[in-house]
Amino acid sequence: MAQTRMGDVGWFARFPSSRMTKWFVVGFWLVVLAAAFGPAGKLQGVLNNEAVAWLPANAQSTQVVKQIEAFQSKNEFPAVIVYERADGLTAADTQAVTAQVAKFDALAPVKNDSVGPIPSKDGKAIQVIVPVDAGDAGWDSLGATVKDLRTIAQDRPDGLSMQVTGPVGFSADSSEAFSGIDGKLLYSAMTVVIIILLLTYRSPVLWLIPVVSAGTALFVAQAVIYFLAKDDTLTVNAQSSGILTVIVFGAGTDYALLLVARYREELRRHEDRHEAMAFALHRAGPAILASGATVIAGMLCLLVATMNSTKGLGPVAAIGVAVGLLVMLTLLPALLVVCGRWIFWPVRPSYGSVDHTRDGVWARIGARIARAPRRTWVVTSLLLAVASLGIFQLNAVGLQNKDAFYGTPESVVGEQVLARHFPAGAGSPVLVLTNAGQAAAVRTTLQGVEGVSSVGDPVTKGGRSLIQATLSDAPDSDAATKSVDRIRAAIAGVPGADAIAGGDTATRADTLRASADDNLRIIPLILGVVLLILVLLLRAITAPLILIGTVVLSFGAALGLSSLIFRNVLGFAGADSSLPLFVFVFLVALGIDYNIFLMTRVHEEAKEIGTRRGALVGLAATGGVITSAGLVLAGTFAVLGTLPVVSFAEIGIAVALGVLLDTLVVRSVLVTALNLDAKGRMWWPSALSRRDAALDAAEPASPGEAAEEGTPALEPAR
């Protein structure tokens, strides 16, 4: 077997591992952590949850938000307060509501007068529309305003119900659902990681090192992102902030697991732990770097997204992974060599001891696959393809307000009350901006559009006019979306009007279209980027193409099975329009990690013992650690389900299921079977593909087959 000399180990692998410089590395990160602690805690204060930070950049709804400031604040949203008495309103009810309206208008966030009280035609309900200015804080400020509105409305006659709904009500409920998101996700992710690490390492102390390293990476990443967001270089919202916590802990712990596993291997081969770590970094470092580069590149592909919220997530996640990668390749190895072998107690990997991974469960699984590799990968592929058919039940056309939360928050109850007594679109009008000279013609045109219930008088300022049109259908319904399309088509035909339509329903329509457009643009881009990285890493074409195919198949199966769970088990009405893209990004960018971990090891072994034997050695050596890494990543994404928001739960469930499929089925069974069947053709057109046949012929038995027969297994390449 070819041996690697210490002189072949690069400077980067030796630096955090040596007797002297390990202390410098630890000291450096302690200083960085101390400096980052304060700024990291301020990240929540610079989150941008304004409407424009979420909407498609060039959509009409976004342009309305930007242009409407002549009439009202761009962050002004209506709070629809609905009162109901089932057996009919009384004079005392109307008097009480009228008195409350004056108090609503006295609140600081209410810059303009409220509209109402507006009685329903059936005499059983009253609505009041309160214009609330959220200010620069976005939706985070709306929760406090809604509490004030509820406090004022407490002074009302017995038997008169009251709910706050409309955009402000739903935003307040969303804000409450996301309240403390970073802390909830951090503690949940830490708990999952600690439990899995305890089960993996079977050590009461070793888990501390990866968790401390991942925590350091998270705080430093949050500090970097804070400074970029503070200077308006980067837009960060609640969604990207929450996902940052999950992705740093998940990906960072994955890298830690791979390095610790290789370090434990090398401790059995080297008496000096510093030398063992240098070799572990030398051998595992390229795979970890390639994995991190794949994730970073995949996340940066989101920069071409149309949706501002999706575009902002890309650099935030990329920064988190980049910092995590740097920490896991410097601080983690330094801490491990500082602690010494005792950190593995009670099962210390002593010098010269036997590595049981070569004859463990994954070696036996490999041996079974080796008996009929072609049949194995064909059957596995067919089963995954069948699972993918569930995608037809996904219904990723956006969630209505009533379906967006677990349970039934007050805003949903209010919407249901409103729909019983008023036009369904009341409180969430379509906002039409037009040139003042054509305002009358545009208003007349709006009155003739199907689905429009009523049209308000134009309000003119600075040469532009604002017209509000109330729809007949609920603002978050498909029927309302079609009405907006008809409105836009109609007003576009008014000569010289330069009219555009925005508002909640228009925003929903633009978001759905932007998400569909992003799916078509970004998914092929990510596939191309990942394929290029795999080609450069493996120096082949066949293997990267096969790996990309397996990942796409894994994505399809995960989304298909998730769709069945969403509809038939959890009873979700549908899925957010951004779900397919987010699941694809996380599964391909993160899921490809496991194929990289496996295939770089197979490539390393194939140079010495051929692809067939190398595939079995690679599976035996990496099976345990990759399974543990998959459980960690699946567990950290599953904690998204702790938020009472359906869209986050769906992302967490789909990604967690996809990671488990990729870890336990695609990587261990499908890819291994393809390696065994294709053999040297996996490395075409590199020189290794030509050498492989001779190497396979030189060895009479494979490691897995030997283990199955009770004979000594072939020693992996060093």
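**Entry 1: the sheet**

I began with strand β1 (residues 76-84), which is joined to strand β3 (residues 125-133) by nine bridges, the two running antiparallel. Helices and strands here are DSSP runs (helices H or I with at least four residues, strands E with at least two), numbered from the N terminus. Two strands count as paired if DSSP finds at least two bridges between them. I noted that Val82 stands opposite Gln127 in β3.

The model is a predicted one, in which local features need pLDDT of at least 70 and side-chain atom pairs count only at pLDDT 80 or more, while totals for chains, interfaces and linings use all residues. Residues are numbered from 1 along each chain as its sequence is written, and side-chain values use heavy atoms, with hydrogens and water left out.

I then looked up the whole sheet: it is open, with four strands in the order β2-β3-β1-β4 and antiparallel pairing. Because β2 (115-119) and β4 (161-165) stand at the edges with a single partner strand each, one side of each has no neighbour in the sheet. On average, neighbouring strands of this sheet are turned by 20 degrees against each other, direction ignored.

**Entry 2: helices on the sheet**

I found helix α5 (residues 142-153) lying across β1, β3 and β4, at about 165 degrees to β4. Helix α14 also packs on the sheet and touches β1, β3 and β4; its direction makes about 110 degrees with that of β4. Contact means heavy atoms within 4.5 Å. Axes are lines fitted to C-alpha atoms (for helices over the stretch in contact), and angles between N-to-C directions run from 0 to 180 degrees.

**Entry 3: two residues**

Is Thr622 buried or exposed? Thr622, in helix α20 (residues 611-638), has 4% relative accessibility and therefore counts as buried. Buried means under 20% relative accessible area, exposed over 50%, and partly exposed in between (1.4 Å probe, protein chains only). Leaving out residues up to four places away in sequence, I found that Thr622 touches Phe597, Leu598 and Arg601.

Phe392 is found in the loop between α13 (373-388) and α14 (410-421). Phe392 counts as exposed because its relative accessibility is 74%.

**Entry 4: the whole chain**

I recorded 23 helices and nine strands in the protein chain. Buried residues make up 58% of its 718 residues. Of the contacts in the protein chain with a separation of 6 or more, 81% are between residues 24 or more positions apart.
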